[in-house]
Amino acid sequence: MNLLVSRGQALKNGIVKFKSNLGSTNSEVFANFIFEFLEEIPDNKYLVMDNVSFYKPNIVKEIIADTNHKFMYLPPYLPFLNLIKGCFSKVKNSVARNYLEDQETIFKKIDEAFDLVTDKDCKNWIEHTTTYFQYCLDKVPINV
(Lines give C-alpha, C1' and ligand atoms only; values in the text may rest on other atoms or scores of the structure.)
Protein backbone atom coordinates (compact mmCIF):
# COMPACT_ATOMS: atom_id res chain seq x y z
CA MET A 1 0.00 0.00 0.00
CA ASN A 2 1.22 3.47 -0.84
CA LEU A 3 0.08 6.44 1.17
CA LEU A 4 0.77 10.14 1.27
CA VAL A 5 -0.35 12.37 4.10
CA SER A 6 -0.12 16.12 3.78
CA ARG A 7 -0.60 19.21 5.84
CA GLY A 8 -2.69 20.80 3.11
CA GLN A 9 -5.11 19.95 0.32
CA ALA A 10 -6.29 16.68 1.80
CA LEU A 11 -8.60 14.69 -0.40
CA LYS A 12 -9.91 12.34 2.28
CA ASN A 13 -9.71 12.97 6.03
CA GLY A 14 -6.22 14.44 5.88
CA ILE A 15 -5.02 11.80 3.44
CA VAL A 16 -3.92 13.20 0.09
CA LYS A 17 -3.74 9.89 -1.76
CA PHE A 18 -3.62 6.22 -1.02
CA LYS A 19 -3.60 3.23 -3.28
CA SER A 20 -4.00 -0.41 -2.33
CA ASN A 21 -2.58 -3.16 -4.47
CA LEU A 22 -2.26 -6.90 -4.18
CA GLY A 23 1.25 -8.20 -3.90
CA SER A 24 4.37 -6.34 -3.01
CA THR A 25 5.27 -2.83 -4.03
CA ASN A 26 8.39 -2.37 -6.13
CA SER A 27 10.01 0.63 -7.79
CA GLU A 28 7.73 0.40 -10.84
CA VAL A 29 4.54 0.33 -8.75
CA PHE A 30 5.82 3.18 -6.59
CA ALA A 31 6.94 5.23 -9.61
CA ASN A 32 3.44 4.95 -11.10
CA PHE A 33 1.94 6.01 -7.78
CA ILE A 34 4.25 9.04 -7.53
CA PHE A 35 3.53 10.01 -11.14
CA GLU A 36 -0.25 9.95 -10.51
CA PHE A 37 0.14 11.79 -7.21
CA LEU A 38 2.28 14.59 -8.64
CA GLU A 39 -0.33 15.28 -11.31
CA GLU A 40 -2.90 15.97 -8.57
CA ILE A 41 -1.06 18.40 -6.30
CA PRO A 42 0.04 22.04 -6.66
CA ASP A 43 3.64 22.81 -7.59
CA ASN A 44 6.57 23.31 -5.23
CA LYS A 45 5.87 20.67 -2.60
CA TYR A 46 8.39 18.56 -0.70
CA LEU A 47 8.04 14.80 -0.79
CA VAL A 48 9.53 13.24 2.32
CA MET A 49 10.13 9.52 2.00
CA ASP A 50 11.65 6.92 4.25
CA ASN A 51 14.53 4.71 3.18
CA VAL A 52 12.64 1.89 1.52
CA SER A 53 14.82 0.70 -1.35
CA PHE A 54 12.12 1.01 -4.03
CA TYR A 55 11.75 4.75 -3.26
CA LYS A 56 15.31 5.42 -4.43
CA PRO A 57 15.72 4.19 -8.02
CA ASN A 58 16.49 6.68 -10.76
CA ILE A 59 13.00 6.33 -12.26
CA VAL A 60 11.42 7.74 -9.09
CA LYS A 61 14.00 10.55 -8.85
CA GLU A 62 13.52 11.40 -12.55
CA ILE A 63 9.73 11.58 -12.22
CA ILE A 64 10.07 14.02 -9.34
CA ALA A 65 12.88 15.96 -11.05
CA ASP A 66 10.62 16.53 -14.09
CA THR A 67 8.27 18.54 -11.85
CA ASN A 68 8.59 21.62 -9.65
CA HIS A 69 8.71 19.43 -6.56
CA LYS A 70 11.63 18.45 -4.35
CA PHE A 71 12.22 15.30 -2.39
CA MET A 72 14.23 14.18 0.58
CA TYR A 73 14.73 10.93 2.43
CA LEU A 74 14.32 10.48 6.14
CA PRO A 75 17.40 9.36 8.03
CA PRO A 76 17.47 5.60 8.55
CA TYR A 77 16.17 4.05 11.77
CA LEU A 78 14.14 7.05 12.87
CA PRO A 79 10.55 5.83 12.60
CA PHE A 80 9.25 8.65 14.79
CA LEU A 81 9.98 11.03 11.90
CA ASN A 82 7.75 9.02 9.61
CA LEU A 83 4.21 10.23 10.22
CA ILE A 84 2.88 7.51 7.91
CA LYS A 85 3.55 4.96 10.66
CA GLY A 86 0.73 6.35 12.81
CA CYS A 87 -1.71 6.24 9.93
CA PHE A 88 -0.71 2.71 8.91
CA SER A 89 -1.08 1.60 12.51
CA LYS A 90 -4.65 2.93 12.72
CA VAL A 91 -5.63 1.43 9.35
CA LYS A 92 -3.96 -1.94 10.02
CA ASN A 93 -5.60 -2.24 13.44
CA SER A 94 -9.01 -1.59 11.94
CA VAL A 95 -8.55 -4.03 9.06
CA ALA A 96 -7.07 -6.73 11.33
CA ARG A 97 -10.28 -6.81 13.39
CA ASN A 98 -12.25 -8.06 10.41
CA TYR A 99 -12.59 -11.44 8.78
CA LEU A 100 -11.18 -11.04 5.27
CA GLU A 101 -12.51 -13.76 3.03
CA ASP A 102 -11.59 -12.46 -0.42
CA GLN A 103 -9.82 -9.71 -2.36
CA GLU A 104 -12.94 -7.58 -2.67
CA THR A 105 -13.49 -7.68 1.09
CA ILE A 106 -9.87 -6.73 1.75
CA PHE A 107 -10.02 -3.61 -0.44
CA LYS A 108 -13.42 -2.65 0.99
CA LYS A 109 -12.13 -2.94 4.57
CA ILE A 110 -9.02 -0.90 3.71
CA ASP A 111 -11.20 1.87 2.25
CA GLU A 112 -13.44 1.76 5.34
CA ALA A 113 -10.38 1.91 7.61
CA PHE A 114 -9.15 5.06 5.85
CA ASP A 115 -12.57 6.60 6.48
CA LEU A 116 -11.77 6.25 10.20
CA VAL A 117 -8.64 8.40 9.83
CA THR A 118 -9.53 11.98 10.72
CA ASP A 119 -8.01 15.36 9.93
CA LYS A 120 -7.22 15.57 13.65
CA ASP A 121 -5.31 12.26 13.47
CA CYS A 122 -3.19 13.58 10.61
CA LYS A 123 -2.56 16.90 12.37
CA ASN A 124 -1.52 15.03 15.53
CA TRP A 125 0.89 12.79 13.60
CA ILE A 126 2.40 15.82 11.86
CA GLU A 127 2.72 17.77 15.12
CA HIS A 128 4.30 14.78 16.87
CA THR A 129 6.80 14.36 14.06
CA THR A 130 7.72 18.05 13.92
CA THR A 131 8.64 18.06 17.62
CA TYR A 132 11.77 16.13 16.61
CA PHE A 133 12.88 18.34 13.70
CA GLN A 134 15.09 20.74 15.62
CA TYR A 135 16.81 17.88 17.45
CA CYS A 136 17.60 16.31 14.10
CA LEU A 137 18.84 19.55 12.58
CA ASP A 138 21.05 20.11 15.65
CA LYS A 139 22.22 16.46 15.45
CA VAL A 140 21.16 15.86 19.05
CA PRO A 141 20.73 12.16 19.93
CA ILE A 142 17.10 11.24 20.42
CA ASN A 143 16.04 8.49 22.78
CA VAL A 144 12.57 7.20 22.05
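This is a predicted model: local features need pLDDT of at least 70, side-chain atom pairs count only at pLDDT 80 or more; totals for chains, interfaces and linings use all residues.
The end C-alpha atoms of residues 19-105 lie 15 Å apart, and this span is 44% helix and 10% strand. According to an unreviewed UniProt entry, residues 19-105 carry the annotation "domain: Tc1-like transposase DDE".

**Strands β3 and β4**

- Strand β3 (residues 46-49) and strand β4 (residues 70-73) run parallel, and four bridges join the two.
- Within this pairing, Leu47 stands opposite Phe71 in β4, while Val48 has Met72 of β4 as its bridge partner.
- Together with helix α2 (residues 58-65), the strands β3 and β4 make a β-α-β unit, and this unit is right-handed.
- In a regular strand the side chains alternate between the two faces of the sheet.

**A salt bridge between a helix and a strand**

- Under the distance rule used for this model, the count of salt bridges comes to four.
- One of them forms between Glu36 and Lys19, whose closest N and O atoms are 3.3 Å apart.
- Glu36 lies in helix α1 (residues 27-40) and Lys19 in strand β2 (residues 15-19), so this pair ties together parts that are 17 residues apart in sequence.
- Glu36 is partly exposed, with a relative accessible area of 28%, and Lys19 is also partly exposed, with a value of 32%.

- Which residues are linked in a network of salt bridges? They are Lys108, Lys109 and Glu112.
- An α-helix has 3.6 residues a turn, so residues three or four places apart point the same way.
- Lys108 counts as partly exposed at 49% relative accessibility, and Glu112 counts as partly exposed at 31%.
- Lys109, by contrast, counts as buried, because its relative accessibility of 19% falls under the 20% cut-off.
- The buried residues of α4 are Thr105, Lys109, Ile110, Ala113 and Phe114.
- The length of α4 can be checked as well: at 1.5 Å a residue its 14 residues should span 20 Å, and the end C-alpha atoms are 20 Å apart, which agrees.

**Ser27 in helix α1**

- Ser27 lies in helix α1 and counts as partly exposed, at 25% relative accessibility.
- Which residues does Ser27 contact, leaving aside its neighbours within four places in sequence? The contacts of Ser27 are Phe54, Pro57 and Val60.
- Ser27 and His128 are 101 residues apart along the chain, and their C-alpha atoms are separated by 29 Å.

**Asp121 in helix α5**

- Asp121 is found in helix α5 (residues 119-130).
- Is Asp121 buried or exposed? Asp121 is buried, because its relative accessible area of 16% is under the 20% that marks the cut-off.
- Not counting residues up to four places away in sequence, Asp121 touches Lys90 and Leu116.

Key:
Residues are numbered from 1 along each chain as its sequence is written. Side-chain values use heavy atoms; hydrogens and water are left out. Two strands pair if DSSP finds at least two bridges between them. A crossover is right-handed if, with the strands pointing away from the viewer, the path from the first strand over the helix to the second runs clockwise. Buried means under 20% relative accessible area, exposed over 50%, partly exposed in between (1.4 Å probe, protein chains only). Contact means heavy atoms within 4.5 Å. UniProt positions are given in the numbering used here, feature names are shortened, and annotations may be inferred rather than shown by experiment. A salt bridge is a side-chain nitrogen of Lys or Arg within 4 Å of a carboxyl oxygen of Asp or Glu. The expected span of a helix is 1.5 Å times one less than its number of residues.
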